Amino acid sequence: MAYNLCSSSSSLFHSRRPFCSSSYSVQKPRSTTFPESLKPGFLFCQFKNHVSLQDLIAQDTQTDNLTEDTSRQKPDGKTDLPPKISTWVNSRSPIAPKLRKRSYDSRYSFLVKVAESLNSCNAKEEDVVGVLSGFGGNIFDQDAVVILNNMSNPDTALLALKYFLKVLNPDREVILYNVTMKVFKKCKDLGRAEKLFDEMLEKGVRPDNITFLTLISCARTCSLPDKAVEWFEKMPSFGCDPDGTICAVMIDAYGRSGNVDMALSLYDRARTEKWRIDPGTFSTLIKIYGMSGHFDGCLNLYEEVKALGVKPNLSIYNTLLDAMGRAKRPWQAKNIYRDMTNNGFSPNWGTYVALLRAYGRGRYGEDALKVYQEMKERGFELNVSLYNTLLALCADVGYANEAGEIFEDMKKSGTCKPDSWTFSSMITVYSCSGKVSEAEGILNEMLEAGLEPTLFILTSLMQCYGKVQKTDDVIRTFNRLLELGITPDDRFCGCLLNVMTQTPVEEFAKLSVCVEKANPKLGQVVKLLVEKQNSEADFKKEASELFESIDYDVKKAYCNCLIDLCFNLNLLERACELLQLGLLHEIYAGIESRSPTQWSLHLKGLSHGAALTALHLWINDLSKALESGEELPPLLGVNTGHGKHRYSDKGLATVLKSHLEELKAPFHEAPDKVGWFLTTNIAAKSWLESKNSPDSAAS
């Protein structure tokens, strides 16, 4: 096929092309013949009000190498333009691709410059007409599309649209309206886009799918998902059937508007019909799963994103990190963050927020402090909520010194003012560490800031005084609570009971009065223990009523403390009764397990007194099994769990080891299993028999 190349400006505007029927809003125009005066590299001159195309076309330009042989030099040194001729070039000629590219790029570059001139000119009809008047009557429909598509000034875009509709009288006016709406999308101006839609209808122009896609996209850009849904649901009334592209966009819109069922329904269709889904939509889907607690679904979506070849963006990573924080899966948050950085993404403020929350909820103290240090080094400011997250984490893991440094950083920031939660965390971390003066100093600072102590703060402070055995200060704090009109809750009473377990026996009577005021049922049980009343029936009845009256979350704490109190008072029988009541009320579960090869006692989550009581009962059960002729399994084990209490030097394993040595029991720490004490059936049988022998009983 041959190409007709015109070298004169008049041949450029010899005919008009109709609009393309699809994909018109973003495509560049097809190859078009151009005058030499519109070649690439041509620069507009700057005018105060407008740029005239007529003036630009009239300007002299350098002669191109391709038309150099057609130029004629006059005797006076001036050059004539070549004659208006058409040259046919064979499509197989090596020069044809070059000519085709030059024609395409030149024309598009020229139209983009026209759009830039319209963006910068005054929003007056005469100025816009002045810029476009250089075309005369020779402008194509596709030229108007390219110009409007490259505009960003909504005021001049409307005037340009008016001009094109008047001059061109196009067959499909909807296309010009659609590319003008795209200008409003760029400017995030949904209101004017909707107004233009109404104008379309008034003029009898029927909207198409691209019209609605543009309006929906504009609503998404403006963060108005409900509006996007509204426009989507209007489509059938205008005879428009949403295609896969629009439906894929609506997954995000429905998800953000709260219609999760519709979003997931569309996503199921997307999988079946293989729609193309953008990263923003995947981010919304991950958020939907995260908010609903389907955390494995979040990870599955992430794997699907990678399998489909969609490049995850920062929003996807941040949403995933937030979901893993909600799931209390800090190890998976670390893996996702590693993927993110390996893929070349640099964390932003949202990334750090998600990481801090994930590590805070998962008690990953060292990782959280590293994130905090990195944020400071990069100049990211923290808000009060993030500072409180860090301080609460420090309180949870016992980082008293680090908490003090963060608290000082917060006060020096100049942008964050400590609130009640801030002071609560600081008092808690100092109280649990037994730092009385520091805790009192924070309380005074809180009062100076005009904040009243809360129930939580007074609970922590009371715990602090109890830890250092300042009983009178415990009582003073309790009275202050009542003076402030605060009603003690179950957690406060549990704390008061815990303080009693750390108090010398001779001062029990003082605290018993406080306990009875705070919770009469608890006070009655404590009274029966302290006064060592022997009525077993009354004690079990009172204890059962107490457990039935309190929240489930505090039942184990109450039972643990009451058993510890029994140990302090040398009331082993009462301790056993309380443990059995705990099992009956399902406060303790899974303490004992049996298999053909091993019998085990699981003490994790029990206080020291409760654990030793459980061990006492278990050893008695082993003795009864032997007496009844039952064979013991090859292995016997006691599991304390690993680690120690964050505010105590004595872990449960240490206490149990010491007690087993006192009993001369043949249980030894397993080198390959942290927290396990194991023995064989032969050693256990020998020890139990010697323990229960008459000689042993006499000694």
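How many disulfides does the structure hold? The structure, which is a predicted model, holds zero disulfides.

**An aromatic pair**
- A pair of aromatic rings is described by the distance of the centres and the angle of the planes.
- Phe-212 and Phe-238 form a tilted aromatic pair, with 5.6 Å from centre to centre and 50° between the planes.
- Phe-212 lies in helix α8 (residues 209-221), while Phe-238 lies in the loop between α9 (225-234) and α10 (244-257), so this pair ties together parts that are 26 residues apart in sequence.
- Phe-212 counts as buried, at 0% relative accessibility, whereas Phe-238 is partly exposed, with a relative accessible area of 24%.

**The cluster around this pair**
- Both of these residues belong to one aromatic cluster, which is formed by Phe-197, Phe-212, Trp-231 and Phe-238.
- Trp-231, a member of that cluster, also has Lys-234 lying over the face of its ring, at 4.2 Å from the ring centre.

**A charge over another ring**
- Arg-574 lies over the face of Phe-539, at 4.8 Å from the ring centre.

**Cysteines**
- The closest cysteine sulfur to that of Cys-432 belongs to Cys-464 and is 8.4 Å away, which is too far for a bond, because a disulfide needs the two sulfur atoms to be within 2.5 Å.
- Cys-240 is buried, with a relative accessible area of 9%.

Key
Residues numbered from 1 in each chain as written. Predicted model: local features only at pLDDT ≥ 70, side-chain atom pairs only at ≥ 80, totals over all residues. Heavy atoms only, no water. Phe/Tyr/Trp six-rings, centres within 6.5 Å; stacked < 30°, edge-to-face > 60°. Helix = DSSP H or I, 4+ residues; strand = E, 2+ residues; numbered from the N terminus. Buried < 20%, exposed > 50% of the residue type's maximum accessible area, 1.4 Å probe, protein only. Lys NZ or Arg CZ within 6 Å of the ring centre and 35° of its normal.
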